Amino acid sequence: MSPADTVRFRPNQAILVAAIVAFIGALPLATARWWLLWVLLIPLAVAVWAWRSGTEADPRELRLRALAGQRRIAWDRVAELTADGRGRAIVRLDDGERLVLPAVRAADLPRLIAATGQELPDNTR
């Protein structure tokens, strides 16, 4: 599978910039006392989450990435792709489990489905 076949959805990278600014802003507080160093972990965790999390799709599978892990789902396990009331994309698996797709909005569903190599009916575009 070539990288060109993969569709990637990531959170807005402004979150990463905000986490870096928060890290720099927290330095004076964290270095004032040794027991305040833990304050730096919060913007660091947000930065790693913003850099790492998201959804990737190719003709073989979906990959859901989070702060500390990833889940691969073969397309034959997907029973339904839909959106919830808040505009987030939801996948329902063949066993009934429902998962929110990180960084995928309802408007992104046609692009996600196109990554499977299948065509959408004309009335859904």
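Is Glu80 buried, exposed or partly exposed, and at what relative accessibility? Glu80 counts as partly exposed, at 31% relative accessibility; buried means under 20% relative accessible area, exposed over 50%, and partly exposed in between, with a 1.4 Å probe and protein chains only.

Some ground rules. This is a predicted model, where local features need pLDDT of at least 70 and side-chain atom pairs count only at pLDDT 80 or more, while totals for chains, interfaces and linings use all residues. Residues are numbered from 1 along each chain as its sequence is written, and side-chain values use heavy atoms, with hydrogens and water left out.

Back to Glu80. Its side chain meets that of Arg92 in a salt bridge, 3.1 Å from N to O; the term requires a side-chain nitrogen of Lys or Arg within 4 Å of a carboxyl oxygen of Asp or Glu. Glu80 sits in strand 5 and Arg92 in strand 6, 12 residues apart, so this pair links distant parts of the chain. Helices (H or I, at least four residues) and strands (E, at least two) are DSSP runs, numbered from the N terminus. Arg92 is partly exposed too, at 29%.

Another salt bridge joins Asp95 and Arg77, at 3.4 Å. Asp95 is in the loop between strand 6 and strand 7, and Arg77 in the loop between strand 4 and strand 5, so the pair ties together parts 18 residues apart in sequence. Asp95 is exposed at 53%, and Arg77 partly exposed at 26%.

Now the buried case. Arg63 and Asp58 form a salt bridge at 3.1 Å. Arg63 has 8% relative accessibility and counts as buried, as does Asp58 with 2%. Both belong to a network of salt bridges that also includes Arg8, Arg10, Glu56, Glu61, Arg65 and Arg72. The structure holds 13 salt bridges.

Four strands form an open sheet in the order 1-2-3-4, with antiparallel pairing; two strands pair if DSSP finds at least two bridges between them. Strand 1 (7-9) and strand 4 (69-74) are the edges, each pairing on one side only. Strand 3 (residues 61-66) pairs with strand 4 over 6 bridges, and Arg65 has Gln70 in strand 4 as its bridge partner.

Elsewhere, strand 6 (residues 88-93) and strand 7 (residues 98-105) pair in the antiparallel sense over 4 bridges. In their hairpin, with 4 residues between the strands, Gly96 takes a positive phi near 95 degrees.
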